Amino acid sequence: MTRSAKRLGPARLRPVTAVSESNGATDDGAGDGATANPGNGAVTNGAAPVQMKPGRHREATLYHALHGAGAGDGRTLEQLREAALKAYEAAELPVWRRSGFWTTSLESLDLDALATSVAESGVPDVVSRTLPDRPRAGRIVQSAGAVVQVQLDEALAEKGVILCSLEQAFEQHRELASEWYCKRMPIDRNKLEAANAAFWTGGAFLYVPQGVVVEEPFEIVYAIDRAGVAQYGRTLVVGAPMSDFRVQEYDLAQDFEGQALHASAFELYLQDGARCRVAQLQDWGSGEVFDVSTRFVGVGRDAYCHWLPALLGGHLVRQHLELAVMGKGGDMAFRGLFFAEAHEHLDVFAVDLHETGPSGGDVHWRGTATGESRASFEGLIQIDPGAQQTHTYLQIHTMMLSPKARVDAIPSVLVSADDVSASHGGTVGELDETAIFYMQTRGLDRAAAVKVIVEGFFEPLVAELQDEALEELVRGKVEKKLAAARDDIEAYAASR
Amino acid sequence: MADLEIKDLHVRIEEREILRGVDLEINRGEIHALMGPNGSGKSTLANTLLGHPSYEVTQGSIVFKGEDLTDAEPHDRAKAGLFLAFQYPVSIPGVSVANFLRMAINAKRDEPIQVKEFRTQLQHAIELLDVDRAFTSRHLNDGFSGGEKKRAEILQMAMLQPDVAILDETDSGLDIDALRTVAEGVQKLHDEQGLGALIITHYQRILHYVKPEFVHILMDGKIVLEGGVELVERLEREGYDQIRQEVGAGAVAAGDSSV
């Protein structure tokens with residue numbers, strides 16, 4: 001892996017857009033330069049405005065960071081629901097396009113055929129089957145549209161920790177919930193985002209008070225146990241100053257025939273000096289599950305967040321993941337791994353946003369694909385004006401395992417401050433036949449050798465979970481996917 | 001019948017014939033040296049013996065303990081008791097030396113090895129090879145120095161206890177201390193476990209520390225001279241060119257007759 005550093009000179013007065021595109025191989029140049037960022041008024045040097053093709057869909061062709069205040073802005077929950085409903089009714093199902101090479105389309109989703117059910121009871125099998133048996137600080141489980149289980153360590157409740165459905169939070173802690181709800185989250189960028197903001201039920205609310213340190217994780221679970229469900233997940237987590245805790249989200253579905261939707265919004269705010277490790281394990285099984293989610297993590301002054309989504313399956317998954325340093329001295333490690341298989345379509349847009357400095361950022365993703373799946377990872381480092389003395393690095397590594405799968409990795413850098421370092425690097429790998437032969441000469445068969453390589457590929461990130469139970473779960477899922485793709489991997493080896 | 005019998009082995013890589021009729025017999029407990037100039041086919045022989053997919057055997061056979069392994073998968077050859085110490089060991093990020101060793105040992109067994117038994121074996125091997133305990137928790141060959149990589153090869157060999165090991169230029173690129181450790185390791189495994197070894201080398205250095213009983217000289221894909229340890233000394237005095245001139249005509253003649 002090579003690493004490139006970019007340090008912009010002090011003479012530039014205007015915000016500068018530096019977008020580079022590459023297939024994951026290191027590319028520190030200006031790329032094709034023909035892309036612009038429509039979101040924040042930054043200007044591409046001298047380039048003409050992007051022309052959009054005429055047609056039914058006029059969505060942005062380049063993904064961009066959320067910007068400015070969220071939809072909340074003093075509005076009540078009811079007002080927000082109403083505004084979202086209008087946006088929902090006016091919008092078509094979204095299609096995202098980028099540079100003509102990538103399209104994520106929800107056209108095949110039959111939204112009208114899905115229903116949000118609030119009459120749920122009992123924890124779905126897939127949850128009890130998947131979640132590790134381990135000590136936890138608390139757990140909240142939502143099945144379809146209803147929260148079916150809430151557990152919270154009593155000692156923590158006494159310290160003022162709140163874990164309940166978001167609905168309940170708006171009833172019992174209205175002021176607190178309203179203060180943070182939609183603080184940075186938009187509600188109307190596309191039909192499904194609006195649907196979520198208009199229709200969400202249940203939801204999860206976690207509040208960790210000032211100075212409270214919690215060792216064991218809080219588990220937040222969204223489960224879909226049958227086709228025909230539209231699940232609008234809504235999570236709000238607030239870490240008060242100097243709190244220190246872990247959040248583990250599980251997004252799970254039974255294997256079923258037919259369509260289901262998970263459209264969710266996740267907001268997490270860390271106040272001064274708070275620290276949080278967030279992990280997400282997503283595996284929607286073999287059903288036709290669409291997952292369109294927006295997740296925002298805001299890191300306050302001297303706060304720290306380690307965030308690691310493990311995206312391990314879904315028919316069509318579109319994730320906008322944004323980790324923003326909002327206060328001086330904020331620091332973050334943004335990790336992630338993905339494994340797409342069969343005919344899955346995965347579209348990840350991950351933003352490392354620095355709104356102020358000094359701040360630190362470190363983005364490291366790894367992903368692979370088998371079968372005829374397609375995965376796109378776009379990672380953006382955005383450094384806003386004034387975010388001086390920010391130092392950040394983005395790396396994305398991909399491994400090809402199948403001749404028909406496709407993985408795109410696109411790192412980009414958008415810098416509007418002059419005393420910063422922002423760089424990116426990455427690798428595109430395939431199975432190393434020499435390494436396979438090496439292991440075979442030690443007695444491992446080919447499948448075992450491949451497993452060692454792929455697990456080793458993910459291991460640097462899996463080990464960062466720093467949670468044995470969750471690490472084992474992720475390793476087990478990777479192993480299962482590899483076993484399922486065995487013929488495919490053989491075919492790839494033979495084709496080279 | 002010898003444990004490892006290589007008969008009239010012809011090997012091709014990408015349409016180029018590298019080995020042109022190699023005959024070699026190696027038994028457990030014997031140390032053989034295979035020497036030859038660059039390009040003579042030494043590494044080809046090593047890789048072919050373990051079944052590297054890029055090398056195509058066009059003629060001849062490899063029989064090990066009575067079993068024809070000419071077309072066997074590499075891992076089956078390993079299970080049968082062959083081992084290859086690589087000239088350029090491959091790094092395997094994400095897997096510790098200890099975990100890899102456990103995997104490799106278990107691949108050869110029906111029941112997984114007991115934790116205690118594994119630890120005892122590992123401890124013994126560590127002492128034998130004079131490596132740090134921390135060494136085994138590092139990722140295999142990842143960021144290892146040249147000497148560390150070669151030590152890791154011998155460590156694996158000690159743990160897997162093959163009948164016959166092929167050491168492909170294990171001595172190249174090693175400083176004298178590392179070379180001595182590696183060579184002494186091989187010698188000890190020979191003495192303690194009855195290891196049979198084929199030490200492939202371009203130089204004579206390693207043979208000052210491990211004493212081969214049989215020496216074979218490979219040139220242009222054929223073994224042109226065989227003898228005892230005195231051959232090493234002769235080679236040291238005369239060099240490959242001298243030997244080539246001497247055997248040149250004979251080698252060609254032998255090649256023709258074997259077709």
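This is a predicted model: local features need pLDDT of at least 70, side-chain atom pairs count only at pLDDT 80 or more; totals for chains, interfaces and linings use all residues.
**View 1. Crossing of helices H3 and H5 in chain B.** Helix H3 (residues 97-107) of chain B and helix H5 (residues 146-160) of chain B have axes that come within 10 Å and cross at roughly 35°. The crossing of H3(B) past H5(B) is right-handed. On the H3(B) side, the contact is formed by B:Val97, B:Leu101, B:Ala104 and B:Ile105. H5(B) contributes B:Ala152, B:Gln156, B:Met159 and B:Leu160. Seven residues of this contact are nonpolar, one is polar and none is charged.

**View 2. Contact between chain B and chain A.** Chain B supplies 20 residues to the contact, and chain A supplies 17 residues. On the side of chain B that touches chain A, two or more residues come from each of helix H2 (74-80), strand S6 (82-85), H3 and H5 of chain B. H2(B) provides the largest share of that side, four residues. The residues on this side of chain B comprise 14 nonpolar, four polar and two charged.

**View 3. The largest nonpolar core.** This core holds 229 residues, of which A:Phe205, A:Leu206, A:Val299 and A:Cys305 touch the most other members. Helix H8 (residues 446-462) of chain A gives the most to the core, with nine residues.

**View 4. Surroundings of A:Cys305.** When neighbours within four places in sequence are left aside, A:Cys305 is in contact with A:Leu270, A:Cys276, A:Val278, A:Val297, A:Val299, A:Leu323 and A:Met332. One of these partners, A:Val299, is listed with A:Cys305 among the residues that touch the most other members of the largest nonpolar core.

Methods:
Residues are numbered from 1 along each chain as its sequence is written. Chains are lettered from A and ligands numbered from 1 in the order in which they are written. Axes are lines fitted to C-alpha atoms, for helices over the stretch in contact, and angles run from 0 to 180 degrees between N-to-C directions. A crossing is left-handed if the near helix is turned anticlockwise from the far one by less than a right angle, and right-handed if clockwise. Two residues are in contact if their C-beta atoms, placed from the backbone, lie within 7 Å. Ala, Val, Leu, Ile, Met, Phe, Trp, Tyr, Cys and Pro count as nonpolar, Asp, Glu, Lys and Arg as charged, and the others, Gly among them, as polar. A nonpolar core is a set of buried Ala, Val, Leu, Ile, Met, Phe, Trp, Tyr and Cys residues joined through C-beta atoms within 7 Å. A residue is buried if 20 or more other C-beta atoms lie within 10 Å of its own, exposed if 12 or fewer, and partly exposed in between; C-beta atoms are placed from the backbone.
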